Structure formats: structure tokens, C-alpha cells
Amino acid sequence: MKLYNFTLAPNGRRVKIFLKFKNKEIPEQEINVREGEQFKEPFKSMNPFNCVPFLQLDDNTIISESISICRYLEEEHFPEPTLFGSTAKMRAYIDMWNRRLELDGYSPLGNAIRNKSSFFVNRVLAGTRNDIKQMPEIVERGVQMIELLFQRIDHHLEKNKFICGEQFTIADITGYSIFKSCELLKFEIPKTLSNTIRWRDTLYKQDCFDV
Ligand SMILES: N[C@@H](CCC(=O)N[C@@H](CS)C(=O)NCC(=O)O)C(=O)O
């Protein structure tokens, strides 16, 4: 198998963090998505969504989506230590938190960044080059959504070291990506949300994020 990735891609980093946590390496090939290499062959036929990361299996199956790649790698190759949970209850609980964080935090923030920064003019949607306009309302909505998410999770974090409890999970990798997106947007977590700030500081100390 081979991982197609780009060093500076935040979603690619999620797979790299996963591998670092597992202390594993797999064959990789860099695709420079800033230069548009993903729109050229053979890559555009391999992944019609024109994004990284994606994983090519030995039977040529392509798995894109960073979390799906990590799930496959854990189940098929690197089961321990688990990041997705080892019981039905924990798998569902971790999946729930990861989806909440992605849908209510990471995705809206990603959209906000792509609608704000001049760097993303003509590439507002990942994997496209076109004249879809940047919309300030999407930036505003992203900030509203992250404020609401942080308010909702702060109380939960009072009694939980990580988002799913004592165990570091794939949902914490998504959480870390949320905090890095906040930095890019220059969004400051309100000081009243001390448990959320403590979670961020705990995550920032984990070795696996040094990739
Ligand atoms: N939901 C996908 C998102 C993939 C994605 O947005 N990848 C970005 C890099 S972080 C990309 O390849 N962008 C290419 C482009 O904007 O043209 C995942 O989690 O892997």
C-alpha cells in the first residue's frame, strides 16, 4: 500500500499524527496540492475528489478521507494501541465524538478559513479551481459554530482528561486540528471556557503531534 499525501495539508497531518502515535511508517508519495499536482494523471483518476490524503491498497482500491484511512490502518495493520476503541460501546462513543467535532467544529472552521484568506481565492472548495466566490457570511457562521461547540463541550471536559475520557482517541486528533484551525483564524477561546483551554493545553503536550 502507499499513502499519497502533502506535508502541509492539515488533513494529511491527521494521518501522520495517527502513524506517529502508533510508531509506524508506511510508504508515501508527496503530491504538491498547492501546485495542482492532484489534477494531473495518474492522481486525478485515482481520486476524483482531487484531494489528499488518499491510500492505495495493494489491490488498487483507493481509500480517501483521513479518518477512513486511519480506521482501515488500525483495523487491518496496526490495532494497538487503539484509537478507535476496542468494544462496541467505545467504538460508538469515539465515533460520536469524532463526528460531533468534525461536523460542528472542524468542517465549519475549514470553510471559514477557505472563505477568508486570499490564499484560497479561486479554490474555495477543496479539490477545485474555479470562480466560486468567497463569502464573509461563511466565516461568520464558522465562528458562531465553534463558539457554540466549545460552550457545549466545556462542562463535559470538566471530568474528562481527553474528549472520550482517560483514553487518547482519534477524536482528540480531530480536536487538535480544530485548535490549529482556531489559531489560523485568530479565534481566541473565551477564558471562561477553562476546561476547553485545559484540553487544548493537554493535547499540545502529546508527542504524536510533533510530525
Ligand atoms: N474530508 C477530507 C478532506 C480532504 C481535504 O480537504 N484535503 C485538502 C488538504 S487538507 C486538499 O487536498 N486540498 C486540495 C485543494 O484544495 O485543491 C479528509 O478528511 O481527508
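In the predicted model, strand β3 (residues 54-56) and β4 run antiparallel and are joined by three bridges. Within this pairing, Leu55 has Ile63 of β4 as its bridge partner. Both strands belong to an open sheet of four strands, arranged in the order β2-β1-β3-β4 with mixed pairing. The edges of the sheet are formed by β2 (28-30) and β4 (62-64), each of which pairs on one side only. On average, and with direction ignored, neighbouring strands of the sheet are turned by 20° against each other.

In the loop between β3 and β4 lies Asn60, a residue other than glycine with a positive phi near 75°. Asn60 counts as exposed because it has 7 C-beta neighbours inside 10 Å. A positive phi, of about 55°, is also found at Asn50, again not a glycine. Asn50 is placed in the loop between α2 and β3 and is buried, with 20 other C-beta atoms within 10 Å. The loop between α2 (43-46) and β3 also holds Pro53, which is joined to Val52 by a cis peptide bond with omega of about 0°. A further cis peptide bond, with omega of about -10°, connects Glu80 and Pro81; Pro81 is located in the loop between α3 and α4 (88-116).

Helix α3 presents a buried side and an exposed side. Its buried residues are Ser66, Ile67, Ile69, Cys70 and Leu73. Viewed down the helix axis, these residues fall within an arc of 155°, and therefore line one face of α3. The face turned away from the buried side carries the exposed residues Ser68, Glu75 and Glu76. Glu75, a residue of α3 (residues 66-76), is classed as exposed because 11 other C-beta atoms lie within 10 Å, against a limit of 12 or fewer. Between Glu75 and Pro48, the C-alpha to C-alpha distance is 25 Å, at a sequence separation of 27 residues.

The shell around the ligand comprises 15 residues, of which Ala9, Asn11, Cys51, Ser66 and Ala126 come nearest. By residue class, the shell divides into seven nonpolar, six polar and two charged residues. Helix α1 (residues 10-22) makes the greatest contribution, with three residues. Domain 1 (2-76) and domain 2 (88-209) each supply at least three residues to the shell.

Key:
Residues numbered from 1 in each chain as written. Predicted model: local features only at pLDDT ≥ 70, side-chain atom pairs only at ≥ 80, totals over all residues. Near = placed C-beta within 6 Å. Helix = DSSP H or I, 4+ residues; strand = E, 2+ residues; numbered from the N terminus. Nonpolar A, V, L, I, M, F, W, Y, C, P; charged D, E, K, R; others polar. Domains from an automatic or database assignment. Pairing = 2+ DSSP bridges. Axes fitted to C-alpha atoms, helices over the stretch in contact; angles between N-to-C directions. Arc of directions from axis to C-beta.
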